[in-house]
Every structure is written in structure tokens, then in C-alpha cells.
Amino acid sequence: MVVLYRIICLILGYGFGLLQTGVIYGKLAGTNLKEHGSGNSGTTNALRVLGFKAGLVVFIGDFCKSFVPCMVLRFMLRDSFPDTYYIYMIYMGFGAVLGHIFPFYLQFKGGKGIATIGGFAASILHPIFIVIMLVIFVGTIAISKYMSVGSIVLMIGIALCFILQGVMGLSGFDLSAPYSRGVFIEGTIMVALLAALAIFKHKANIIRLMNHEENKFRFKKQEGI
């Protein structure tokens with residue numbers, strides 16, 4: 001049954017991830033984000049193509065479609081499944097990110113998943129680590145002027161924070177118990193896979209950074225859109 005519950009959470013999460021906020025907002029604004037900018041339907045492209053308001057709306061939508069389902073799952077299961085609800089949250093969030101990055105109805109070409117992973121991370125990380133990662137994310141962008149650099153650093157940081165909070169006993173895992181330790185390792189692998197996937201989705205950005213061709217972060221939308 002525990003395997004079935006994981007599969008159900010993964011599928012439900014994928015369903016939530018299919019809610020492409022950028023595509024919906026773009027259609028309402030008369031602009032297809034898939035045909036402008038980077039061609040992604042995520043926050044950064046919405047920000048660059050349609051401006052700050054669009055970027056904010058898309059971010060909130062993509063953030064919430066992983067954060068809200070994970071938090072609802074937490075409150076539903078933490079009393080009934082105190083030893084496993086956390087891993088079910090991880091599967092729910094994992095599915096949401098997959099749905100965002102690989103929506104079947106958009107030929108599996110969605111966004112890069114940063115906002116959605118951010119919502120997922122906010123549901124599973126201890127508040128102190130959320131604050132730390134927010135400061136590092138904003139600070140990295142402010143210093144480097146590149147959203148892609150901030151996103152990559154954020155992904156690495158989320159994976160490290162998940163491991164650190166588990167070791168520090170801040171996530172509810174009892175690492176002295178074999179079963180709980182196994183669940184923690186399973187969760188660590190999944191969080192690391194998400195971080196690696198998001199970084200892989202930035203491969204074009206990394207190449208442009210190496211060639212000094214990456215666009216710097218700006219709030220101003222593109223002219224003529």
C-alpha cells in the first residue's frame with residue numbers, strides 16, 4: 001500500500017503541475033509566451049515578456065500549485081501517518097514539478113520549474129532554512145544580475161538544506177531508526193533529482209553564461225509585446 005500511496009501522490013501532483021499559470025495568463029493578455037522570449041511558460045519569461053505584474057502572478061500561481069497541495073496533504077496525513085506523511089509530501093511535490101516542466105498537452109515543454117520547486121521546498125523545509133534560501137537567492141541575483149545564476153544556486157541550496165535539516169533533526173526524521181532513516185534517504189534522493197533536473201533545464205543558460213551572452217535580469221518587459 002505504501003507504494004500505491006506514493007504513486008497516487010505522484011499522479012495527483014502531476015495533475016496540479018499541469019496548471020500552467022504562464023500559459024493561462026499569456027492567453028488572457030493576448031500573448032503566447034511559448035512564442036516569445038525563451039519560449040518557456042515560467043516566471044522569468046513572463047517577467048521579461050509581459051512585465052512585473054505578469055511575472056508576479058505567474059510566480060504565485062506556479063509556487064502555489066506545489067505548496068498548497070503539499071500543505072493540504074501534511075494536515076490530512078500527519079496524524080494518521082506520522083512516520084510517512086513527509087515522504088508523501090515529497091512525492092506530491094515531485095509530481096507537481098514534473099507536471100510543470102513536462103506538461104503532456106504542451107508537447108512536454110513547460111517551464112524550468114524554479115517557482116514550483118520553490119513552493120515545494122517551502123512546504124518541506126524548516127522556516128529558518130526557507131529564510132536562508134530566500135536571502136541567498138535574492139542576494140545572488142542582486143550580485144550577479146542573472147536570474148539563472150540565482151536559480152541554480154537556489155536548487156543546490158534546497159538540496160543541501162534538506163539534508164542538513166534531516167541531520168539536525170528538524171524535519172521529523174529519526175535517523176537512529178532504520179525505517180525513518182530509509183525514508184529520509186529516499187526523500188533526499190528525490191529532492192536531489194529535482195534540483196539536478198532544474199539545473200539541467202538551465203543548460204542553455206549555463207552555455208550563454210560561459211560565453212558571456214546571458215541576458216541580465218531586468219523588471220522591464222520587452223518592447224513591442
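These legends describe close-up views of a predicted model. Residues are numbered from 1 along each chain as its sequence is written. Because the model is predicted, local features need pLDDT of at least 70 and side-chain atom pairs count only at pLDDT 80 or more, while totals for chains, interfaces and linings use all residues, and side-chain values use heavy atoms, with hydrogens and water left out.

**View A. Salt bridge between Arg6 and Glu186.**
A salt bridge is a side-chain nitrogen of Lys or Arg within 4 Å of a carboxyl oxygen of Asp or Glu. The count by this rule is three salt bridges. In the pair of Arg6 and Glu186, the closest N and O atoms are 2.9 Å apart. Arg6 belongs to helix α1 (residues 2–17) and Glu186 to helix α9 (residues 178–200), so the pair ties together parts that are 180 residues apart in sequence. Helices (H or I, at least four residues) and strands (E, at least two) are DSSP runs, numbered from the N terminus. Arg6 has 10% relative accessibility and counts as buried. Buried means under 20% relative accessible area, exposed over 50%, and partly exposed in between (1.4 Å probe, protein chains only).

**View B. Salt bridge between Asp62 and Lys65 in helix α4.**
The N to O distance in this salt bridge is 3.3 Å. Both residues lie in helix α4 (residues 52–77), three residues apart, so about one helical turn separates them. Asp62 is buried at a relative accessible area of 1%, and Lys65 is also buried, at 6%.

**View C. Salt bridge between Arg208 and Glu214.**
The closest N and O atoms of Arg208 and Glu214 are 2.8 Å apart. Arg208 is partly exposed at 29% relative accessibility, whereas Glu214 is buried with a relative accessible area of 8%.

Thr188 is buried, with a relative accessible area of 16%.

**View E. Cysteines without a disulfide.**
A disulfide is a pair of cysteine sulfur atoms within 2.5 Å, and the structure holds zero of them. For Cys9, the nearest cysteine sulfur is that of Cys70, 8.8 Å away. Cys9 is buried at a relative accessible area of 7%. The sulfur of Cys161 is 17 Å from the closest cysteine sulfur, in Cys70, which is too far for a bond. Cys161 is buried as well, with a relative accessible area of 8%.

**View F. The largest pocket.**
Pockets are found on a 1 Å grid over the protein atoms alone: a pocket is an open set of points where a 1.4 Å probe fits, with protein on both sides within 12 Å along at least five of seven lines, and lining residues have an atom within 4 Å of a point. Grid points are joined across faces, edges and corners, and a volume is the space filled by probe spheres set on the points. The largest pocket holds about 1200 Å³ of space. Its lining has 50 residues, and Thr43, Thr44, Phe137, Ile141 and Met147 lie nearest the centre. Two or more lining residues come from each of α3 (43–50), α4, α6 (114–124), α7 (127–144), α8 (147–167) and α10 (203–210). The largest share, seven residues, is from α7. By class, the lining of the largest pocket has 22 nonpolar, 18 polar and ten charged residues. Ala, Val, Leu, Ile, Met, Phe, Trp, Tyr, Cys and Pro count as nonpolar, Asp, Glu, Lys and Arg as charged, and the others, Gly among them, as polar.

**View G. The second largest pocket.**
The volume of the second largest pocket is about 150 Å³. The lining divides into one nonpolar, three polar and four charged residues.

**View H. Positive phi at Phe108 and Lys145.**
Phe108 is not a glycine, yet has a positive phi of about 60°. Phe108 is found in the loop between α5 (85–101) and α6 and is partly exposed, with a relative accessible area of 47%. Lys145, likewise not a glycine, has a positive phi of about 70°. Lys145 sits in the loop between α7 and α8 and is partly exposed at a relative accessible area of 43%.
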